[in-house]
Amino acid sequence: MVAPTLRTSSGTFGTFGTSGTPVVSMVVVPARRICLMGSVRSRAGHSRSALPVKASLCAVHRQSPRDAGTRPITLYASGASGCVPMNKKCHIVVCQQPRRDVRRAAMPTPEPRSTGPANVDTTPGWKRRYTIVAMCFMAFMLCNMDRVNMSIAILPMAESFSWSSATIGLVQSSFFWGYLLTQVLGGVWADRYGGKVVLGFGVIWWSLATVMTPMAAAMGLPALLIARACMGIGEGVAMPAMNSMMSKWVPVGERSRSLALVYSGMYTGSVVGLGFSPQLINMLGWQSVFYIFGSMGIIWFVWWVKKASSNPFEDPRISEEEEAFITQNTAVRCDLQRAIPWKQLLSKKPVWALITSHFCHNWGTFILLTWMPTYYNQVLGLDLKSSGLFSVLPWITMAISANVGGWIADTMISKGWSVTSVRKLMQSIGFLGPAFFLSQLGNVTTVTEAVILMMLSQGTDAFSQSGLYSNHADIAPEYAGVLLGLSNTAGVLAGVVGTWCTGLILDGGSWSDVWSVAVAFYLIGTAIWNAFATGERVI
């Protein structure tokens, strides 16, 4: 006789021994919420196929188990209406669960429903998921503030330490060494231990590394490279952790605009970082941007620890109505720990389309992120302050376009467009727009023309937030963090190689060569994405 199995939201499996009959008793499990699969049988012999709603337990919680060795637990039923707390100590008797179901989640995965008007949340007031999205927005803003301050500070640092273009490229790319290491790990950790823990760790880690950057630079180039790599380790877990949280907190019909808003935090961070860094450097020295921006992350961490939750099932502040709405409109179970089907995941063409397209997209994006102020300085002859000011404008355009694209994408889906069509359209704009506008940079002769082309390039690039960046939760909602880690690993490789290669190209070539390589990758990404991408669930 096979022992029944239970899975909890803390990721713990509990297997319970039999007591001589097919009906066995459940012992205490150290978890706040419990999802149970199997059937419930009262002493009168009535059975249930599962525990989908609170009513399924009402006739059972007063029954006493026949085994004297069992103890009471606090039970939560999970199903279409969410994880419902009984708020009472109770005994329960469960039938055995077949071994083939052990690796499945405790309850069958609820498929997301259509995103039409019937699934619109009409309850009044501010929602808890809005708070989570806002906190993630702030984290991503700090993420890019701490990242782009180096692109401004590198100019006085290079002059002070007599660095060549190749050395500048090495310093800029060192961030990506650490960033690369934690992409997949961040997704695995987030899906297993919860996005709150992992994102919180990432922010406090990279904030401390940012604060220590000036001290590392004073010690020498090797110490600076290590400090930047350590900062990358912290920022590397941010995207996978956030994506894992969004797949649990955000209904399908709100996904594009919610992710667009969170990612626009990165563009806002670029605006703030590039806008304020020149002034801070002129007034207080280049070291000040690292001290001030890093300290802001420490303040955010305290707020996050007090207010955030990894998913709605663990949140003590969420209303029952909102929890039920989220559960009905997402495809993620309330348990955390489960085996990751790596072989199945990596056997899907849409997964590889996502990974490859992420690489192609990030080649151009990271070149602009790290080299734009240098381009303005070397090609257009702008000073430090003007380089930072004009570098801000494309990121403002990007922040606006990302949210516009998100609303357009969600509206199209609500009007009946397939998710696949919307993702392909949005990402095609995100590829072909930058490819065209960057190809024109070699023909400009004025600052105004260059800035306009940069703004148009970044503005169309932002539609990617409703394309490939929203696709992880579409094709693998339960493994969104892991999949984001995989694809972003490819994206980071593009950042490492592209940033470094740009320095090498500029030592013996021109900026036209830099843009030509980026355009080629955008065109390759367009072809692969439209051939193999999908918006349907594949795993």
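Predicted model: local features only at pLDDT ≥ 70, side-chain atom pairs only at ≥ 80, totals over all residues.
Local features require pLDDT of at least 70, side-chain atom pairs count only at pLDDT 80 or more, and totals for chains, interfaces and linings use all residues. Residues are numbered from 1 along each chain as its sequence is written, and side-chain values use heavy atoms, with hydrogens and water left out.

The secondary structure comprises 18 helices and 7 strands, taken as DSSP runs (helices: H or I, at least four residues; strands: E, at least two) and numbered from the N terminus. The protein has 539 residues, and 60% of them are buried. Buried means under 20% relative accessible area, exposed over 50%, and partly exposed in between (1.4 Å probe, protein chains only). The protein exposes about 20,400 Å² (Shrake-Rupley method, 1.4 Å probe). Carbon and sulfur atoms supply 64% of that area. Among contacts (heavy atoms within 4.5 Å) with a separation of 6 or more, 81% join residues 24 or more positions apart.

A nonpolar core is a set of buried Ala, Val, Leu, Ile, Met, Phe, Trp, Tyr and Cys residues joined through side-chain atoms within 4.5 Å. The largest one has 119 residues. Phe140, Met157 and Leu199 are among those with the most contacts inside it. Helix H2 (residues 128–161) gives the largest share, 18 residues. Beyond its neighbours within four places in sequence, Leu199 contacts Cys136, Ala139, Ala238, Ala241, Trp300 and Trp304. A second, separate core has 7 residues, including Ala409 and Phe463.

Leu389 lies in helix H13 (residues 384–414). Leu389 counts as exposed because its relative accessibility is 54%. Its C-alpha atom is 9.1 Å from that of Pro373, 16 residues away along the chain.
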